[in-house]
Amino acid sequence: MLAFAVRRIVYSVPVLIVASFIIFWLGSASADPLAPLREKNPPAPQNVIDAETVRLHLDQSLIPRYFSWLGGIFTGNFGPSVVSTASIGHDLGDRFLVTIRLIAVAMVIALVLAVLLGVLTAVRQYSKFDYAATFVGFLFLAMPAFWFAILLKQAGVSFNLAVGSQAISTIGQASVPPPQGTGAYILDIIGHMILPTISLALISYAAWSRFTRASMLEVMNSDYVRLARAKGLSRSQVMVKHALRTALIPLTTVTALDIASIIGGAVVTENVFQWKGMGDYLVQSIRMNDVYATASWLLLAATVVIVFNLIADLLYGVLDPRIRYA
Amino acid sequence: MTSPEEIDLSPNGSRPAAGSAPAKGDVVLEVRDLDVSFPSDDGPVRAVRGVNYALRRGEVLGIVGESGSGKSVTSMAVMRLLPNSAKVSGEVLFDGRDLLTLSEAEMTRVRGSRVAMIFQDPMTSLNPVYSVGAQIAEAVRAHHDVSKAAAMDRAVELLDKVRIPNAAERAHSFPHELSGGMRQRVVIAIAMANDPDVIIADEPTTALDVTVQAQIMEALSAAQDVTGAAMVLITHDLGVIAGQADRVMVMYAGKLVEAGTAEDIFYTPRMPYTLGLLGSLPRMDRPSERLTPIPGSPPSVVNMPPGCPFGPRCPKHAGICDETEPELRPTTSSEHLAACHFADSLAGAEAGDVFDTEVADPDALAALAKESQ
Amino acid sequence: MPEITTQTRDPQVTTGTDREFTVGERSQAQLVFRRFLQHRAAVISLGVLIALVLLAYVGGALWKYDPGQYTPDNSVPPSWDHPFGTDSAGRDQFAQVLRGTRISLQVSVSVAILATAVGTLWGSIAGYFGGWVDTVMMRISDLVLTLPLIAVAAMLAHNFGGTWYLIALVIAALYWAYVSRVARGVVLSLREKEFVEAAKALGASDSRIILRHLVPNALGSILVNLTILVALAILIETSLSYLGFGVTSPDTSLGLLVSEAQTALTTRPWLFYFPGLFIIIIALTINFIGDGLRDAFDPQQTKVRQ
C-alpha cells in the first residue's frame, strides 16, 4: 500500500512540472503585462516602461523566465506582480483559504445529496419520485451557475428584508470588520457561507447523482446482490452492505475528475457573492494582464486537481481490494 | 457410466425407494400451477406456463431444458428473486406454507436458512470487495445470532467441507484471488451455511471447465450429505444429471414436457424432445451410434400460437399438434408423465428411429459461411 | 433478469407446416429510432428545441424589430408590442434574445463539432495503437483536463476572444481532451469485444472491421457525447460572458444578455429572466435528447415497460 502511494506521488510530479510550463507559456503568450502602461493616456515615460520590463523579467526570454519563476516558487516567491507592492504568494495564500472553504463544504453537501438521491431514485426506479428527482437534476444541469446564484442571492436579500435581520449574508466572505468573540466570528463566517455553498452544491450535485443512480442500478442487477438476497439478508442489509458499498467506489474517481469544474463553478459563484477569494483574484489578474499572478493561480488550481486525483486513487485502492498493491 | 440406482446420496436413508408412492410427509417443496410472465415491447413473455412438481426429502430432482425453457425462472420464482416486473401466480408450498404469499420479512427468514441457492456463474456471484470468509460468515449471521468470530470459525469449517485446501488461510482471500472452481465451492459453502432443507443449484457447472465440473458435482454431493437437504439440480446437460438425479423433469417453452424417474427418462422416454436431447448426447457406452441433432431452435415465448410448441421441430408432427397443446399425462406408470399426442407410440423408440442423423442442410451451411466473411 | 430478445431466427422447419414464431427482425436503425420514440422526455425536448431553433432563425428574421434597434419605448415591461419588454435604451428584448440564441447556438454547436472531431480522432488513435502512443497522447489529454476550463478559457479569451467564433475555438481547444477520453474508452472496449475477434478470426479486413463493427457501435457514444457537449458549451459560454471574457459587443449571446441584466433583476426582471430561461430550455432539451439517444443506443437495454 505504501509503495503504491509513493509510486503514485512520484508519478504526479512530472505531470505537475509539465503542467506548470504549459501554464506559464500560455499565460505569457496570451497577455502583455506592459500593455496597460503603454496604452495609458498620457503614455507612461519610456524609463518607467523600461524599469517595469526589468522588474517583470520581460528582458529575458521565455525559458529562463520560466525557470526563475519555478525556482522562486520553492522559496515562496511566485514572481513579480504588475502591482509592484503586492506579493502574489501572500495574496494567493489568503484567497486560497477562503475558496477552499467554499469548495470543501459545497462538495460535501453535493456528495451527500447526490448519494442520497442517487440511491433513492435507483431503489425506486421509474417511480414518480424517480421522475421528479431526475427532472430536477436535469434542471440544475441546465442552469447557468451564476444565473442561479444571482436568484439565490436575491432570495437571500428578500428573506433578510422579511425577517429584518442580516442572518444570511449576501455579500462577501466575512463581515468587515469581523465581529468580536470567537462564537460571533464563527457564526458570521457560517452566515456568509450559506448561500454560496448551497448555490455551488446544487449546481454540482446533479451529475454525481445521475452517476450514483446508474452505478446502483448496475450493482443491484448483479449476481452477487442476488446471491446476497438468496443468503437471506434483508433488502436494506443488501442495499447498504453490498449494493451501496460497491456502487460508491467508482464515485470517488468521478468526483476527483470533476474537481476542476467545481473550481470553475467556484470562480463564478464567488463573483456573484463578491467573495475576495481565488475567483476574484483570477478575474483581476487576467484583466490587468498580471501574467505571473495568472500563471501562479493556474498552477495552484492544477496542484489541487492533481492532489484530489491522487487522494481518489489511494482511496480507490483502499476501497477496492482488486486494485490494492496493483 | 453408472446407472442412477447405484448412487445413494443420502446417508440417512430417508429417500423413498424408487417407484414407491411417496408418503405425504415426504414432500418438502411442492410447486403448483406456477406461471411466470414478463412484460415486453411485444406483449407478455410467458416464461413459465403451469409447472407442477414435488420435491421429496433428500432426493435430487434434475430439471433439464435448453436456455429459455424457463427452468431458471422457475427456481428464481420459488426463491422470490425475480424482478418486480415479473408476474408470478400459482403456489409454492414449503413446510405447509405458500412461499408466494409470505411477507418479504418472512421470506427473508426462509431464504438461505431453509431454501438455499447456488448460481451459475461463480465469477460474478461473489461480491468483489469482501473476503470469501466474510461472505460465508454473513450467511451464517443472517440466520444465527452468533459473534463475528464464531461465524468466521464456521466459515472456515464450511470451506474445509467443500474441500478448499488451507481453509483458515483461504477464508481471508478475496474472490478475485480464487479460481472459478474455488469460487463455486465458496458459493456451495454459503448454501450449506444454515443446513437448509432444499438446495437449488442453477447450472452450477455450466460456467466452469470440464475438468472442474466433476469436482464441483462432488462438492455438491458432499453438501447434500452434510446438510441432508433435497436438491433441485438445473442444467441443460443431461450428462450432468445422469449420475446424480433420482428423478428428472424436462422443460420446453416454459412447460414440463416429460417427468419421471431417471430410469424412465433415460431408458424409456415418451416425448420426442427428450428423445432428441438423448440423441444429441455423446455416449461412452454406445460409441458406434451417430448423434441425432434436433433441427431448429426453441420458439419465442411471446405470442405463442396454439398447439404443441415443439411441433415445428418434431419429426412426429401431425395435424393435431397444431391444434391442441398436449397435456402432461401418465404413461408407463403414474410417476412417468409425458406431454405428447403420440406418447404411446414412442414406446421403445430410440433417438435414431425418430430423428434423422443428417438434418443440416449443406446449402444453408454454405450460405452462412459466406455471410460471415 | 435475462434479456428478453425480440429477435429470433426462424426455426429451420424441416417437417410439418411452416408456422411463424418470430416477432420479426429489426434493423439497428429501426431499433434505435423506436427506443428513442419511447423516451417521452426526449421526444418532447426534440420538438421544443426544433421550435426554438426555428423561432431564433426564421422568427428573428420576420420580427418587426431588429436586434440593437432603438425604439422609443424605454424599459417597458413585456407587452404585445414587446413580448420580452425593452431595456433602458429602448432595444426590443425579444429581438435581442433571438439574436443571442442564434449566437449561443452557433458557439455551442461549433464547439461540439470541433471538439468531437479532434477528440474522437485523438482518442481513437490512442486507443487503437495502444502502447507508448496511447500513453503519451492520453497524458496530454490528462494535462488539459487538470486545468479548470473556465480559468484557461478566460485567460485566452481575454486576449484573443471577443467574436463568437474565437470564443468557440477557445472552448473547443479545451473540450477535445474530454472527448478524447471517452472515445478512447469506447475504442478500447470495442477492440476486446467477441464480435470483433470473431470477425478477425473469419479473416475480415481491418477496414471491414472498422466500418462494419467499430464505427456503428461507437457512433452511439460519440453522438450522445456530441449532444451533451452542446449543452456544456452553452453554459461555459454563459459563464465566460458573465465574467466579462466571452462574446463582446457588437456581438451578443444569451450569456452576455443575462450578465448585462444582473443589476436590473429587481427593477427590470424581464431582462434577466427571459435570456436565462432560453439558456435553460436549450440546455435542458439537449440533455434530455442526449439521454434519449443514450437509452436508444444502449445495446444492453434492460428497461421493461411497466
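Two residues are in contact here if their C-beta atoms, placed from the backbone, lie within 7 Å. By that criterion, twelve residues of domain 1 of chain B are in contact with eight residues of domain 2 of chain B. The model is predicted. Chain A holds 14 helices and zero strands, whereas chain B carries an open sheet of eight strands and an open sheet of four strands.

**Domains of chain B**

- Domain 1 of chain B covers 27-245, and domain 2 covers 270-327 + 343-372.
- The centres of domain 1 and domain 2 of chain B, taken over C-alpha atoms, are 31 Å apart.
- On the side of domain 1 of chain B that touches domain 2 of chain B, strand S2 (45-56) and helix H9 (238-242) of chain B are the elements that give two or more residues.
- S2(B) gives the most to that side of domain 1, with three residues.
- Sorted by class, that side of domain 1 has four nonpolar, five polar and three charged residues.
- The UniProt record, an unreviewed entry, places the feature "domain: ABC transporter" at residues 31-278 of chain B.
- Residues 31-278 of chain B are 40% helix and 25% strand, and the end C-alpha atoms of this span lie 26 Å apart.

**Eight-stranded sheet of chain B**

- The strand order in this open sheet of chain B is S6-S7-S8-S3-S9-S10-S12-S11, with mixed pairing.
- Strand S6 (115-118) and strand S11 (329-330) of chain B each have a single partner strand, so one side of each is left without a neighbour in the sheet.
- Helix H1 (residues 71-79) of chain B packs on the sheet and touches S6, strand S3 (60-64), strand S7 (198-202), strand S8 (230-235) and strand S9 (247-252) of chain B.
- The direction of H1(B) makes about 145 degrees with that of S7(B).
- Helix H7 (residues 180-192) of chain B lies across S6 and S7 of chain B and runs at about 175 degrees to S6(B).
- S6(B) and S7(B) run parallel and are joined by four bridges; B:Val198 in S7(B) is the bridge partner of B:Val115.
- In a regular strand the side chains alternate between the two faces of the sheet.
- S6(B) is covered on both faces, with B:Val115 and B:Met117 buried on one side and B:Ala116 and B:Ile118 buried on the other.
- Strand S10 (residues 255-261) and strand S12 (residues 337-338) of chain B pair in the antiparallel sense over two bridges.
- B:Leu337 in S12(B) is the bridge partner of B:Ala259.

**Four-stranded sheet of chain B**

- This open sheet of chain B has the order S2-S1-S4-S5, and its pairing is antiparallel.
- S2 and strand S5 (97-98) of chain B are the edge strands, each pairing on one side only.
- Strand S4 (residues 87-94) of chain B runs antiparallel to S5(B), and two bridges join them.
- B:Arg97 in S5(B) is the bridge partner of B:Phe94.

**Chain A**

- Read along the sequence, chain A follows the pattern α-α-α-α-α-α-α-α-α-α-α-α-α-α.
- The C-alpha trace of chain A spans about 85 × 60 × 40 Å along its principal axes.
- Of the 326 residues in chain A, 41% are buried.
- Among contacts in chain A between residues at least 6 apart in sequence, 74% join residues at least 24 apart.

**Contacts between chains**

- Between chain A and chain C, 36 residues of chain A are in contact with 32 residues of chain C.
- The elements of chain A that give two or more residues to the side touching chain C are helix H1 (2-30), helix H6 (128-141), helix H7 (145-163), helix H12 (259-272), helix H13 (278-287) and helix H14 (291-319).
- The side of chain A that touches chain C has 29 nonpolar, seven polar and no charged residues.
- The contact between chain A and chain B takes 18 residues from chain A and 26 residues from chain B.
- Helix H9 (223-231) and helix H10 (235-247) of chain A each supply at least two residues of the side of chain A that touches chain B.
- H9(A) gives the most to the side of chain A that touches chain B, with seven residues.
- That side of chain A, touching chain B, has five nonpolar, five polar and eight charged residues.

Notes. Residues are numbered from 1 along each chain as its sequence is written. Chains are lettered from A and ligands numbered from 1 in the order in which they are written. This is a predicted model: local features need pLDDT of at least 70, side-chain atom pairs count only at pLDDT 80 or more; totals for chains, interfaces and linings use all residues. Two strands pair if DSSP finds at least two bridges between them. Axes are lines fitted to C-alpha atoms, for helices over the stretch in contact, and angles run from 0 to 180 degrees between N-to-C directions. UniProt positions are given in the numbering used here, feature names are shortened, and annotations may be inferred rather than shown by experiment. Domain bounds come from an automatic or database domain assignment. Ala, Val, Leu, Ile, Met, Phe, Trp, Tyr, Cys and Pro count as nonpolar, Asp, Glu, Lys and Arg as charged, and the others, Gly among them, as polar. A residue is buried if 20 or more other C-beta atoms lie within 10 Å of its own, exposed if 12 or fewer, and partly exposed in between; C-beta atoms are placed from the backbone.
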